[in-house]
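Please open the structure in your viewer and keep the selection tool at hand. The stops below are meant to be followed in order.

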Amino acid sequence: MPGKSFHRTDRVSAQLRRELGTLVHEAVREHGLPSVSVSDVEVTRDLAHAKVFVTALQQERSKEAVKALKELAPQIRFQLGRAVKMRHVPELHFHYDDSVDRGERIDNLLRDAPPAPGDDASED
């Protein structure tokens, strides 16, 4: 299929990200977990495994949240199977997405950095 820019894995990833966003939100509420949201889903080419990346509202509780989601993965996968029309639902692997934290850290470092020589805005 030449010229086809969207691969099946991309479409499946997008669909799983939408569905898992809802399912993870429900799991958080149901089990009293720290608040997390699904930031990305990467599916293997054979669609057997899915890496589910989550971000946490409270970074300090992210490990606790990911641990709980890993334990709930079979349940969430079962619910996912009922929500999507796929012959085989990928096995879910939850990971913490620290890109938001890293971005914040870089932002803070840049904000707190002393101005470089010659960067003084008051010279105009």
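The tour goes from a helix to the core and then to the salt bridges.

Before selecting anything, note that this is a predicted model, in which local features need pLDDT of at least 70 and side-chain atom pairs count only at pLDDT 80 or more, while totals for chains, interfaces and linings use all residues. Residues are numbered from 1 along each chain as its sequence is written, and side-chain values use heavy atoms, with hydrogens and water left out.

**Helix H1**

Select residues 8–31, which form helix H1; helices (H or I, at least four residues) and strands (E, at least two) are DSSP runs, numbered from the N terminus. The expected span of a helix is 1.5 Å times one less than its number of residues, so the 24 residues of H1 should span 34 Å, and the 33 Å between its end C-alpha atoms agrees with this. Just after H1, select Gly-32, which takes a positive phi of about 60°.

Now colour the buried residues of H1, among them Val-12, Leu-16, Leu-20, Leu-23 and Val-24; buried means under 20% relative accessible area, exposed over 50%, and partly exposed in between (1.4 Å probe, protein chains only). What covers these buried residues includes E1, E2, H2 and E3.

**The nonpolar core**

Next, show the largest nonpolar core, which has 30 residues; such a core is a set of buried Ala, Val, Leu, Ile, Met, Phe, Trp, Tyr and Cys residues joined through side-chain atoms within 4.5 Å. Helix H1, strand E1 (36–43), strand E2 (49–56), helix H2 (62–83) and strand E3 (91–96) each supply at least two residues of this core, and H2 gives the most, with eight.

Leu-16, Leu-20, Ile-76, Leu-92 and Phe-94 have the most contacts inside the core. Centre the view on Leu-16: leaving aside neighbours within four places in sequence, Leu-16 is in contact (heavy atoms within 4.5 Å) with residues including Val-41, Ala-50, Leu-80 and Pro-90.

**Salt bridges**

How many salt bridges does a search of the whole structure find? The search finds five, a salt bridge being a side-chain nitrogen of Lys or Arg within 4 Å of a carboxyl oxygen of Asp or Glu.

Select Arg-17 and Asp-40, whose side chains meet in one of these bridges (2.9 Å, N to O). This pair links distant parts of the chain, with Arg-17 in helix H1 and Asp-40 in strand E1, 23 residues apart. Arg-17 is partly exposed, at 32% relative accessible area, and Asp-40 is partly exposed, at 26%.

Finally, select Asp-98 and Arg-102, which form a salt bridge with their closest N and O atoms 3.1 Å apart.
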